[in-house]
Amino acid sequence: MIVARWSIDAKFGHKPAVIDSLSKWQNSFGAQIGWEGKCRILTGSVGALESTVVSEITLDNLAELNDSWDKLAGLDGHKQWSIELEPHIVSGTMKWEVYRIVE
């Protein structure tokens, strides 16, 4: 099992909009690529930047993650979602991290 984390930093005052956008993403695009019930949203609290918003997905392996990305590339509306999210985020802060679950 793996945990894939996609993190992004919201501009000051824009965190609620980023959280709302990611929630809508999970309900529409996430469901279409097989991530329904596998995602959760986290935000920075103690020891982390308060502006950081993380989408965390639990998957079986890297192949499942890659297959999901392949499906995502073909979905109508995903590019428009990205364009609408952009004004709310700090450019260049998006990153993926993948962790293996050992216990």
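Modeller: Please note first that this is a predicted model.

Biologist: Is strand 3 largely enclosed or left open by the rest of the structure?

Modeller: The same cut-off applies here, with buried meaning under 20% relative accessible area. Seven of the eight residues of strand 3 are buried, so strand 3 is largely enclosed.

Biologist: In what order do the four strands lie in the sheet?

Modeller: Strands of a sheet pair through backbone hydrogen bonds, either parallel or antiparallel. Strand 1 pairs with strand 3 over eight bridges, and six bridges join strand 1 to strand 4. Strand 2 pairs with strand 3 over five bridges. The sheet is open and its pairing antiparallel, in the order 2-3-1-4.

Biologist: Which residue of strand 3 is the bridge partner of Arg 5?

Modeller: Strand 1 and strand 3 run antiparallel, and Val 3 has Thr 58 as its bridge partner in strand 3. Arg 5 also stands opposite Glu 97 in strand 4. In strand 3, the bridge partner of Arg 5 is Glu 56.

Biologist: Which residue of strand 3 does Thr 43 stand opposite?

Modeller: Strand 2 and strand 3 pair in the antiparallel sense. Arg 40 stands opposite Glu 56 in strand 3. The residue of strand 3 opposite Thr 43 is Val 53.

Biologist: Turning to the aromatic side chains, which residues do ring pairs link into a cluster?

Modeller: A pair of aromatic rings is described by the distance of the centres and the angle of the planes. The count of aromatic pairs comes to five. The cluster linked by ring pairs consists of Trp 6, Trp 25, Phe 29, Trp 35 and Trp 81.

Biologist: Why is the pair of Trp 6 and Trp 81 described as tilted?

Modeller: Planes under 30 degrees apart count as stacked and those over 60 as edge-to-face, with the rest tilted. The ring centres of Trp 6 and Trp 81 are 6.5 Å apart and their planes stand at 50°, so the pair is tilted. Trp 6 in strand 1 (residues 2-9) and Trp 81 in helix 3 are distant parts of the chain, and their separation is 75 residues.

Biologist: Are Trp 6 and Trp 81 buried or exposed?

Modeller: The limit for a buried residue is under 20% relative accessible area. Trp 6 has 13% relative accessibility, and Trp 81 has a relative accessible area of 12%. Both Trp 6 and Trp 81 therefore count as buried.

Biologist: At what angle do the ring planes of Trp 25 and Trp 81 stand?

Modeller: Trp 25 lies in helix 1 and Trp 81 in helix 3, so the pair ties together parts that are 56 residues apart in sequence. Trp 25 is buried, with a relative accessible area of 7%. The ring centres of Trp 25 and Trp 81 are 6.2 Å apart, and the pair is tilted because the planes stand at 55°.

Biologist: Which element supplies the largest share of the lining of the largest pocket?

Modeller: The lining of this pocket includes Trp 6, Trp 25, Trp 35 and Trp 81, and by class it has nine nonpolar, three polar and no charged residues. At least two lining residues come from each of helix 1 (15-32), strand 3 (52-59), helix 2 (62-73) and helix 3 (78-85). The largest share, three residues, comes from helix 1.

Biologist: How much space lies in the largest pocket?

Modeller: Rolling a probe the size of a water molecule over the atoms shows where empty space is left. For the largest pocket, the space comes to about 160 Å³.

Notes:
Residues numbered from 1 in each chain as written. Predicted model: local features only at pLDDT ≥ 70, side-chain atom pairs only at ≥ 80, totals over all residues. Heavy atoms only, no water. 1 Å grid on protein atoms, 1.4 Å probe; cavity = no way out; pocket = protein on both sides within 12 Å on 5 of 7 lines; lining within 4 Å. Points joined across faces, edges and corners; volume = space filled by probe spheres on them. Nonpolar A, V, L, I, M, F, W, Y, C, P; charged D, E, K, R; others polar. Phe/Tyr/Trp six-rings, centres within 6.5 Å; stacked < 30°, edge-to-face > 60°. Buried < 20%, exposed > 50% of the residue type's maximum accessible area, 1.4 Å probe, protein only. Pairing = 2+ DSSP bridges.
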